[in-house]
Amino acid sequence: MRIVLVGPPGAGKGTQATRLAEKLRIPHISTGDLFRANISRQTELGKLAKSYMDAGNLVPDEVTIAMAKDRMEQSDAEGGFLLDGFPRNVSQAGALDELLQTEGIKLDAVLDLEAPEDEVVKRIAGRRVCRKDSAHVFHVTYSPPKQEGVCDVCGGELYQRDDDSESTVRTRLEVYHTQTEPIIDYYRAQGLVVTISAMGPVDEVTARALEALSGK
Ligand SMILES: [Zn+2]
């Protein structure tokens with residue numbers, strides 16, 4: 001299956017992408033991983049992307065698209081793939097369509113993870129991370145530490161990252177609404193969109209997603 005995953009920040013997209021890719025036995029292609037891989041291997045595209053990032057600019061669509069093309073042409077992606085973080089706007093969606101067309105392939109589904117805005121803000125803004133080890137993550141409501149402000153694992157101090165502040169989350173949501181959400185309408189016109197609720201336990205959301213995709 002060839003799938004595009006979309007959803008607002010805080011909907012658990014990364015977690016679901018990893019789980020779905022594993023269940024469906026297709027590679028999970030995320031733009032974050034693409035950038036990191038190209039930069040660490042010092043490919044031409046990686047060097048180009050890095051020059052924009054070092055200057056504090058967004059990586060242009062053409063560069064992202066070229067990286068995605070390289071990745072989708074690798075042998076493990078022959079039977080399908082799950083795209084995460086790409087396309088992120090209508091212009092990239094159009095470029096992806098052209099790309100797939102030249103390869104003679106089509107998308108099977110666009111999985112839209114839906115989460116109420118206030119819930120998303122609550123999920124992200126409630127995160128607390130350990131200063132000693134960023135893998136030690138808690139949540140003030142959903143997985144509170146035994147003692148407030150203290151890591152259960154190592155006793156380190158818990159803090160809220162700048163990225164997780166409510167104002168940053170609201171800004172990221174705004175970008176999602178204006179830039180990314182329009183691709184849902186774009187794909188709806190092609191009959192590709194399946195929308196599921198991203199609320200509830202991780203396992204349930206994965207099961208819901210697989211169920212919804214089985215109809216595609
Ligand atoms: Zn810790």
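**Helix packing and annotated sites**

Author: In this predicted model, helices H4 and H5 cross in a right-handed way.

Reader: What is the angle between H4 and H5, and how far apart are their axes?

Author: Helix H4, residues 61–72, packs against helix H5, residues 90–103, at an angle of about 35°, and their axes are 11 Å apart.

Reader: Which residues make the contact?

Author: From H4 the contact takes Asp61, Thr64, Ile65, Lys69 and Met72, while H5 supplies Ser91, Gln92, Ala95, Leu96, Leu99, Leu100 and Glu103. Sorted by class, the contact of H4 with H5 has 6 nonpolar, 3 polar and 3 charged residues.

Reader: Changing topic, which residues does the UniProt "binding site" annotation that includes Thr31 cover?

Author: According to the UniProt record, which is an unreviewed entry, that annotation covers Thr31, Arg36, Asn57, Leu58, Val59, Gly85, Phe86, Pro87, Arg88, Gln92, Arg161 and Arg172.

Reader: Is threonine 31 buried or exposed?

Author: Threonine 31 counts as buried, because its relative accessibility is 12% and the cut-off for buried is under 20%. Threonine 31 is found in helix H2, residues 31–40, and, leaving aside its neighbours within four places in sequence, it is in contact with Thr64, Asp84, Gly85 and Phe86.

Reader: And where is glycine 85?

Author: Glycine 85 sits in the loop between strand S3 (81–84) and H5. Not counting residues up to four places away in sequence, glycine 85 touches Leu5, Lys13 and Thr31.

Reader: There is another "binding site" annotation with Gly10 in it; which residues does that one cover?

Author: The unreviewed UniProt entry lists Gly10, Ala11, Gly12, Lys13, Gly14, Thr15, Arg127, Val137, Phe138 and Gly200 there. Of these residues, Gly10, Ala11, Gly12, Lys13 and Gly14 are included in the lining of the largest pocket.

Reader: Take alanine 11 and glycine 14, then: where does each lie, and is each buried, partly exposed or exposed?

Author: Alanine 11 lies in the loop between strand S1 (2–6) and helix H1 (13–24), and it is buried, with a relative accessible area of 3%. Glycine 14 lies in helix H1 and is partly exposed, with a relative accessible area of 37%.

Reader: What does glycine 14 contact?

Author: Leaving aside its neighbours within four places in sequence, glycine 14 is in contact with His28 and Asp84.

Note on methods. Residues are numbered from 1 along each chain as its sequence is written. This is a predicted model: local features need pLDDT of at least 70, side-chain atom pairs count only at pLDDT 80 or more; totals for chains, interfaces and linings use all residues. Side-chain values use heavy atoms; hydrogens and water are left out. Axes are lines fitted to C-alpha atoms, for helices over the stretch in contact, and angles run from 0 to 180 degrees between N-to-C directions. Helices (H or I, at least four residues) and strands (E, at least two) are DSSP runs, numbered from the N terminus. A crossing is left-handed if the near helix is turned anticlockwise from the far one by less than a right angle, and right-handed if clockwise. Contact means heavy atoms within 4.5 Å. Ala, Val, Leu, Ile, Met, Phe, Trp, Tyr, Cys and Pro count as nonpolar, Asp, Glu, Lys and Arg as charged, and the others, Gly among them, as polar. UniProt positions are given in the numbering used here, feature names are shortened, and annotations may be inferred rather than shown by experiment. Buried means under 20% relative accessible area, exposed over 50%, partly exposed in between (1.4 Å probe, protein chains only). On a 1 Å grid over the protein atoms alone, a cavity is a set of points where a 1.4 Å probe fits but cannot get out, and a pocket is an open set with protein on both sides within 12 Å along at least five of seven lines; lining residues have an atom within 4 Å of a point.
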